[in-house]
Amino acid sequence: MGMDQEKKIKRIDRAKDKSRVREKDSERLKVEENVFDVPTLKILYTLSNKGIIKAMGGAISTGKEANVFYAEGPDKELAVKIYRIASSTFKAMDAYIMKDPRFTNIRNNKRDIIFAWTRKEFQNLKRAKNAGVRVPEPVIAEKNILIMEFMGEKERPYPLLKNTYLEDDEAKLIFDTVVEYMRLLYKKANLVHADLSEYNILIDPKDLTPIFIDMGQSVTLEHPNSREFLYRDVQNILRFFSRYGIKDKPEELLKKIQAE
Ligand SMILES: Nc1ncnc2c1ncn2[C@@H]1O[C@H](COP(=O)(O)OP(=O)(O)O)[C@@H](O)[C@H]1O
Ligand SMILES: [Mg+2]
């Protein structure tokens with residue numbers, strides 16, 4: 001057998017070994033293979049060995065940059081948000097991360113940016129929670145995986161604000177709480193959500209309280225574009241609630257949010 005032939009066989013064997021590992025792990029975790037690369041599977045496996053995840057469940061959402069899965073924790077339901085490393089829109093992340101003083105010394109490559117983004121979402125959720133804003137409680141951030149409290153019941157996530165049927169008076173109640181949460185975020189957490197809309201607010205049907213989610217792009221007030229992001233959030237919220245007869249002016253709302 002010639003050298004070339006031998007090399008070729010070795011290469012094929014290596015490829016086969018790799019795919020076997022993937023098959024084995026994905027089987028154990030009962031997840032779809034194409035969503036998870038081997039490093040992601042390894043982190044999930046470690047998290048399950050540590051008892052943080054008891055069992056992975058089905059997909060809740062497939063977004064532009066991340067997939068969200070249901071999981072069972074040791075004592076409560078969990079949501080597992082997994083940022084895809086091969087995500088094509090990470091350029092946008094760059095702009096949010098690079099100007100954030102908390103993340104000035106990360107290396108400028110895709111993986112590092114995604115890992116920093118995941119840590120940032122964890123920290124933002126924590127700060128929001130501490131400020132009294134209802135958000136999923138973050139559990140752990142590991143590389144590209146964020147584990148948090150599942151906002152829902154019996155494997156069913158709460159509906160998005162966008163998909164909730166509301167009477168005008170119910171909408172007004174929710175609107176007031178959304179504005180109060182924006183104020184708490186701004187004043188107590190020093191944060192602007194920066195992607196706030198009916199797509200990133202869940203509604204707890206039991207008491208109609210809003211729940212802010214998706215805080216990877218949230219920025220501190222020191223971020224050079226924080227005012228612009230806040231104004232955009234305000235406009236999104238007013239646009240959505242205008243259909244329920246709420247006609248506040250953006251400037252009035254800004255004043256309320258920035259009030260003591
Ligand atoms: N903690 C959670 N509990 C329940 N459902 C969640 C949770 N986090 C996210 N989801 C669901 O997953 C979807 C996508 O999550 P999100 O954080 O908004 O990611 P994306 O960046 O893809 O928009 C949400 O619209 C929501 O339905
Ligand atoms: Mg979202």
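Axes are lines fitted to C-alpha atoms, for helices over the stretch in contact, and angles run from 0 to 180 degrees between N-to-C directions. This is a predicted model, in which local features need pLDDT of at least 70, side-chain atom pairs count only at pLDDT 80 or more, and totals for chains, interfaces and linings use all residues. Residues are numbered from 1 along each chain as written, chains are lettered from A and ligands numbered from 1 in written order, and side-chain values use heavy atoms, without hydrogens or water.

Q: How many helices and strands does the chain have?
A: Both are DSSP runs numbered from the N terminus: helices are H or I, at least four residues, and strands are E, at least two. The chain comes to 7 helices and 11 strands.

Q: What share of the chain is buried?
A: Buried means under 20% relative accessible area, exposed over 50%, and partly exposed in between (1.4 Å probe, protein chains only). Of the 260 residues in the chain, the buried share is 47%.

Q: At what angle do α5 and α7 cross?
A: Helix α5 spans residues 168-187, and its axis comes within 7 Å of that of α7. The two are oblique to each other; angles under 35 degrees count as roughly parallel, over 145 as roughly antiparallel, 65 to 115 as roughly perpendicular and the rest as oblique. Their crossing angle is roughly 55 degrees.

Q: Which residues of α7 meet α5?
A: Contact means heavy atoms within 4.5 Å. On the α5 side are Phe-175, Val-179, Met-182, Arg-183, Tyr-186 and Lys-187. They meet Leu-253, Lys-256, Ile-257 and Gln-258.

Q: At what angle do α6 and α7 cross?
A: Helix α6 covers residues 226-241 and helix α7 residues 250-258. Their axes come within 10 Å. The contact includes Leu-230 of α6 and Leu-254 of α7. These helices, too, are oblique to each other, with a crossing angle of roughly 120 degrees.

Q: How far apart in space are Arg-243 and Asp-168?
A: Arg-243 sits in the loop between α6 and α7. Its relative accessibility is 52%, so Arg-243 counts as exposed. Arg-243 and Asp-168 are 75 residues apart in sequence, yet C-alpha to C-alpha they are apart by 8.8 Å.

Q: Which residues coordinate the magnesium ion (ligand 2)?
A: Donors are N, O and S atoms within 2.8 Å of the metal (3.2 Å for Na, K and Ca); water is not among the atoms, so sites may look incomplete. One residue lies in the loop between β8 and β9 and the other in the loop between β10 and β11, so the pair ties together parts 14 residues apart in sequence. At 2.2 Å, the ion is coordinated by Asn-200 and Asp-214.
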